[in-house]
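Here is a short briefing on one protein chain.

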Amino acid sequence: MFDDNVNLASVWEQIADHQPDALALANGDLTRTWSEFDDRASRLAGALDAAGIGAGHNVACAMFNGNEYSEAQYAAFKVRAAPCNVNYRYVEAELRYLIDNSDARAVFFDESLAGRFDAVRAELPDVAMWIQVGGSTSPDWAVGYEELISATEPAERIERSGQDQWILYTGGTTGNPKGVMWPHSNLLTLANRMFEALGIDMPTSLDGFPAAAKAFADSGATPRQLAASPLMHGTAGIGALFYLSVGGAVITMTSRSLDTDELWRLVEQHECTVASIVGDVFCSPMVDALDAASEAGRPYDLTSLDGVTSSGVMWSQPIKDRLLAHAHAAGTTLICNDSLGSSEGVGFAGKQSTAGGGKDTETATFVLGPNAAVFTEDGRRVEPGSDERGLLAVGGPIPLGYYGDPLKSAETFKEIEGQRWSIPGDWATVAADGTVTLLGRGSVCINTGGEKVYPEEVEEALKLLDTVVDANVVGVPDPKWGAAVTAVVQFADNANVSDTELVDALRTNLSGYKLPKHVVAVDKLFRSPNGKSDYKWATKTALDALDIQGR
């Protein structure tokens, strides 16, 4: 579809040249124009280049949301390196694994992570540069982010390839993260849906992108994304790449946890057009803040907001309806885009709910995407209305595979019916009208607040404790998190440990979001005759013990 040299960095450079004074980034009140965005990224790119980092290398981004996240990614793109996301919640062992697995040559890290990286950096000799974001001083083994920008001349622009990569790390079925390799050309192809909505053709050459950005601006459709969810995850992260590629802006909050009042203030201040969230865990407190503001007689201005986008976790209709009621009261049209997507593919299925302008709420069915299908394990397409279970698949522009893992790549990215499909492992049925019912991940992955938690990893951490004989880990319904990590534990004889003590003992090996929110003690853990975990039994046991309804 594109010329060979159409690359995210090259597209953004073209846009920066043609709209230098337009807003590109904002973190709270700190804004960056497109000219500033390009200049700062070019200086970082110059430093990377001087360190010998370039095409085929990877750069890790262990940062919270902020302008620096987009600047660091842009810098990596400029030297043809692949930026890799790093979960800032990871503890030392997890950080060591991911930096080693990604072969990162440079690491951008938040000041709060300096101690964790210091503890493991001796085991990561291939890292040529450690770059600290924030803080008044940097450790002697790292260089300060702003210091690097001030001391470095901008890198010269170079020819690049649409096959350069952006690597999105996601949890693997064994609990270890895996890097999903996205070529720039495939990401840009996915952005075509924004052009289709505007009724214009997507450019195929670099020189067409400035005119496209102008067309968006002239029609009042330039997107401004409020990235409420972390840029390190696909929901906000992929969206940010799309919005910047049409001359838009990425807005982030200064708070390190969800501050819904700051969120709505930024929507007003920067006239955000879209908000990226992760289901009820974000939207429920957002609506509570809208309710409180309205009751206090100072409702937030929602008139700039056209859509709210979520993926990765449950977004219930009652919560959507409460949000849409505020849009209706403001006399504005708002679209709730609920997407079934994953790091391995975009557009499996989706659902839209709309309200505004005096209209009643209209909810579309949750249907397969235009490039999606459901296949049986042996590669046969599931017939809609048959009630047969199958695996969700998406074709079209998809990733190349998992970084450094050809075996897992072959298991997930398969050729069926003469084309290549991404099949991450989500089971589903398809009704006669195309409605999709998602049954869950075959690996019993737990989606909790937008984070993926794989039971095997938590179970192994539990079984390292002297007080634990055996354990299963499952997810149970939770109004805040979507699913709450729950440990069903067989304790050792005479073990005397409280739930809090058990969870605290796991903190050295597990990130906070992986820690069990419930602990259910059993006399003996039930396993099938072949010794495998029986998650159906463990789930029922947990639900019964916790007296959770709606199973």
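Helices (H or I, at least four residues) and strands (E, at least two) are DSSP runs, numbered from the N terminus. This is a predicted model, where local features need pLDDT of at least 70, side-chain atom pairs count only at pLDDT 80 or more, and totals for chains, interfaces and linings use all residues. Residues are numbered from 1 along each chain as its sequence is written, and side-chain values use heavy atoms, leaving out hydrogens and water.

**Whole chain**
- The protein chain holds 17 helices and 29 strands.
- Its radius of gyration (over C-alpha atoms) is 23 Å, close to the 24 Å that the globule rule (2.2 Å times the number of residues to the power 0.38) gives for 551 residues, so the chain is as compact as a globular protein of that length.
- The C-alpha trace spans about 70 × 60 × 60 Å along its principal axes.
- Of the 551 residues, 56% count as buried. Buried means under 20% relative accessible area, exposed over 50%, and partly exposed in between (1.4 Å probe, protein chains only).

**Helix α9**
- Helix α9 covers residues 209–218, and its buried residues are Phe209, Pro210, Ala212, Ala213 and Phe216.
- These cover an arc of only 160° around the axis, which puts them on the same side of α9. The arc is that of the directions from the helix axis to the C-beta atoms.
- The face turned away carries the exposed residues Ala211, Lys214 and Asp218.
- The buried residues of α9 pack against α1 (8–18) and α8 (192–198); contact means heavy atoms within 4.5 Å.
- Gly220 follows α9, and its phi is positive, near 75°.
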